[in-house]
Amino acid sequence: MKSNRMNWCRHGNISRKLIRKVLAFVILLILLRLLWVAFYSWNSQTVVQEVIKESEQHTELGRQSDNRIWEHRVQNIGINKHREKENTVRTHEQVNKIVTSIENVEKTKNSATDKSKERTKDTKSEIDNVQESLRKATVSSKNATSDPKNVTKTNKEESKVKTTPESSVNNKTKAAVHPTKNATKNSDVTKDDKSPNRKANVADMFKSDIEAGTCQMVNEWTIHDKKVTSTYDLFEYVDYSMNEAGEYPIPSRSFEDISKEGSLNPLSVILVPFSHADPGYGLTLEQYYSQMSHSTLDNMIIKLKEYPKMTFQWAETVFLARWFEDLDDTGKQDVRDLIKKGQFEVVLGGWVMPDEASPNYIAVVDQLIEGHQWLLENLGIKPTSAWVNDPFGYSSTMPYLWKSSGLDNLVFLRINQPVKAKLMKSKSLDFMWRPYWKASSDSDLLSTLMSYTNYWMGDVCGPDPNICQEFNFLHLDSGNSRGIPVTDENVAERARVIYEQFRITGDLYKYNTIYIGLGEDFSYPQPGQWDSVYQNYEKLINYINSQEDWKMNVKFGTLKEYFHNIRKEEKAMIKTDEAKASFPVLSGDFFPYTERKKDFWTGYFSTRPLNKRFSREIETLVRAADIFNVVAFSSFKYYNVQFKAYEEISEGLRYARRELGMFMHHDGITGTSLPHVVDDYQQRLFLANEKAHAAFKMVLLSLLTKGKQTDPNLLQSVVVKSEKTAMSGTAVIETTKDHSIVMVNPSSNKRKEIVSLQVSSKDFVIVSSLNANTPVQVTHHKDGPYRPASSSLTASFEITIPPFGIEVYKISPASSTNSLVEIFESDERDEGDMISIENLYMKIDFDKNTGLIKRITDKNGKVTNITAQFMVYRSKTSGAYIFGPAGLASTFSIGKSVVKATKGPLMSKVEVTSKGFSLSVILYNTSSIQGHGIHIQTDVDLKEAGMGEMEVILRLQTDVKNGDKFYTDQNGFQFMGRQNRPNDPLESNYYPVTTMAILEDNSKRISLHCRQPHGGASLREGHLEVMLDRHTYRDDGRGLGQGVYDNVRLKNNFVVFIEHKSRDFQPIEKRYTYASEDSILLNDMLQNEIIKYFTVSSVKLSKQLHPMKKDFPCDVTVVGFRNLVKNELEYNGTSLVLHRKPIHCGYEPMNRQCKKIDKITIKHLFPKLSVNIAETSLSHLYNKSQLTTDSNLTPEYSELRSFLIGF
């Protein structure tokens, strides 16, 4: 817009005095007209037409006048700035009066006809445009006056970005090319409108929808109390100043300063020995277990019995389960006894300690249930506290899950250190963590931040690690330990030193109890380490506790004891001074993470993406197999028939679930392990995939043959993975013989979509489950210079499957009845400069030469300008964890690109291919939600392209005016508001994208749906990018010791979804948002693809199975539905977890398949069975209430509900 004004201003010049008169005259005319409208509201139809005409004229006059003013200001820089400011203020005051008049007009319109109402709304929109034009005119003119050279420079750089590759520049250049803060503030989208009527006006627009329960308003999040804050606001104006060592300062006071305050408060210090056990990082799970963890846990029994005052903490159930099965009955009872005595505490208790950026919440819940159920069965315990020390940043989804499962407390560590410093200054390291969307406190989780940057024993006693290393007694026998043994001779001096460090640490907290962990990764494998830690700290404890004037009590304890103390103290404070009591409340998440040198841990969001993708495929498969296993189990129960394959299915699914759960670990799905460990993860996932498929095939055969057949070899999966490092591919169906095609809908809603198979020829017919011939599009693949075509063809056809339904189609040989759809290259047909594909709802235009999208036009004529292309960042400081680019992303070229197009009756596609890269854009011609999405597939092979030390992204450039605000989903559970901060390092503006990212302005929303997790950012207005793959040889110094260079070919699937708002309104809340109804359906379709098998041997199958008679509401997701089993595979009840996703108001559903259902009962799932059902905590540790078959199971919006069902 600024460059356009520069062109317009060449048309002439005019005196400043005349301009002011013109502007005043324009404003006066509008005010008079609106007053006339308000007075004669009964004649609104005529008035509206006149005001529209005059508004258009005034808008044009205002724009012309403003352009001339701008030119005059450029020529007279620095003159009359104060008067210009006064004019701007007066203009805004006048415009505000206009708005007030409009609101009065709106109030008087209620008695008018419907037609008049609509036209008056149009008038308001037109006058809003006048207001906006004047506002932009005055603000832009003011900015231009202040420094036109900078404006010119910025315009040139923005133009360059749009037309040429972004150059690789140093960090100093980044700030110049990024949008400036002034530009951000001038954006009408990013400006915070705090007017009291704003929220009410938007709510009034959709009042009927809200009252009908079809959508929810995003409530404006407000700081109504000084004790309530958000991480979004904490990240504002973060000071990344460092000392000479590259460390962020810790705002701690010296012991001398603390002592000057006079009488010290009593301080309780809880020492908690622990061993943090990663199930795969530098060694594999089995290597860690056999070499370290087995010995640690064996020694625990011996040493805790020897030292009754000593305690020990453990978090990862995967190791406990592995060790417990090796114990004899005496050893197992010893463990239970230590738990009863309070010496051994299991914290968190999930199968693993998961990463918090990449996993889908469905997989997190599943591994949490697996871990908690094992603990309950084998140890009889229910964890009360979570200790989550090692993930690289923290999601706000996890505290909600921990709280929902029955945990009350959390200790965590790795957050942005300068943000932690802010919390230290206000003594807010203990707080209640609450979701943005939650108004009440029932989901609050009491959370404590460890104060420093590490959790190892030599780093936690105080702010000086050189001192703390002297009290690390784990390695006294190693020969290179810096620990100083405590003797009778030095105990007074040693106690004094650590006493002062404890005091400094305690000064950072509000409450007079601190937690000090005594451990490391895989610590205490040697018996002597237990002795050294206990005996040395026992001497220090005894001496410190004997010094009455020190007012300090030190003891071995547990997390449970620590939280008991601070809760007790908080209650006591309420009695004496309620104003100073109660824990502060915090909402939001803690991404991105940095602990030193302005290195941001945003690279691992995209490290080793093939494994991230494969784990998501297994997640979908295991969930679907679980659901249909419940269907089969309940059906055989109902008919009183033996479920022959029950144990084999249960064993296979448990194996797959536990291996998938293990990969959710914070060194698994993150891709941050050594190569041989990555290889072990891949092998485990590969076997888990095979086990899950085998179990699912047995379930399906049991259902479709009524238990007569269970041999999994009778079915072949359409999706195949030939080896652990290969992409999942598609099996070719031989059309010379009959095959049954088994298609499964894993969703709780009806699915109508176009699916594809690979077939050997075009001579076949497909018959539906209703014995009707199915129309098929057969596409012939053409050889290319980069990817040779396969000998197979693609057969695409439309299917409809009810919720949790199975349809069996048949493909049989037939004479040539299918015409081939050819793929043609762009230069083979004369279609001008553009290639176009279209379906029922939109048309996409592509540049004929580049194959890139140019624009998308929907059937209502609304145009969205958008491009999608590959770009690369050159690595500078990047490693497995750290994203550190050398500059901005740039386009690149590797040989000539080949553009191909396919146009068919069911599916059309444009594909651009170069060496190592392929980008396809697909439209499906179906009336379902699938037809409303722009489906994008990418194929990236950095090794084939010969590219190193680079990070590849897919960038969308759109016309959405989102300013510097955008949204990313968090674990597929909720959406977090993000802000691009151009003055901070580029890499600090990257965030985890698990399933979706959103750009939004006042009239439109564009969502990018992802099949797998990525790192993503919006570095410019209208831009949205996700990282696809990374290659770097550099060790980023975070412990791995090497870079990431084992790249393989990989595919990604995305859906771009464009939604035009039913009425214009700005995003209500910058900190969080909701998805629309259509977006929820589309994302569910992408995450839970139709699962397809075909018969390889002759077997008679039922033609369909429809266990659910009704759809679930579109906003209710079945998170998990599976049978629980004990150690010996005995049935232990059926778990059902539901999630209700709020639907954003303001988006008219394009696909009206959703029906409002006020009540979900167990009869939706088991219409004939009589079952027992109870509502429980998330992981079924606690019963909440007993229910009946008529009880309403529907969760509240955004909430999870968990149920335990018994047959």
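The model is predicted, and local features need pLDDT of at least 70, side-chain atom pairs count only at pLDDT 80 or more, and totals for chains, interfaces and linings use all residues. Residues are numbered from 1 along each chain as its sequence is written, and side-chain values use heavy atoms, with hydrogens and water left out.

**Overall make-up**

The protein has 27 helices and 48 strands, where helices (H or I, at least four residues) and strands (E, at least two) are DSSP runs numbered from the N terminus. Of its 1207 residues, 61% are buried, a term that stands for under 20% relative accessible area, with exposed meaning over 50% and partly exposed in between (1.4 Å probe, protein chains only). Among contacts (heavy atoms within 4.5 Å) between residues at least 6 apart in sequence, 77% join residues at least 24 apart.

**Nonpolar cores**

A nonpolar core is a set of buried Ala, Val, Leu, Ile, Met, Phe, Trp, Tyr and Cys residues joined through side-chain atoms within 4.5 Å. The largest such core has 268 residues, and those with the most contacts inside it are Phe 344, Trp 402, Tyr 537 and Phe 696. Leaving out residues up to four places away in sequence, Tyr 537 touches Leu 271, Met 457, Phe 471, Phe 473, Ile 498, Leu 518 and Phe 556.

**Two helix pairs**

The table lists both pairs; axes are lines fitted to C-alpha atoms, for helices over the stretch in contact, and angles run from 0 to 180 degrees between N-to-C directions.

| Helix pair | Axes come within | Crossing angle |
|---|---|---|
| H13 (residues 285–306) and H15 (residues 329–340) | 10 Å | roughly 50° |
| H24 (residues 646–663) and H25 (residues 675–704) | 8 Å | roughly 150° |

Angles under 35 degrees count as roughly parallel, over 145 as roughly antiparallel, 65 to 115 as roughly perpendicular and the rest as oblique. H13 is therefore oblique to H15, and their contact is made by Met 300, Ile 301, Leu 304 and Lys 305 of H13 and by Gly 331, Asp 334, Val 335 and Leu 338 of H15.

H24 and H25 are therefore roughly antiparallel to each other. Among the residues that meet are Ile 649, Leu 653 and Phe 663 in H24 and Leu 685, Ala 688 and Val 699 in H25.
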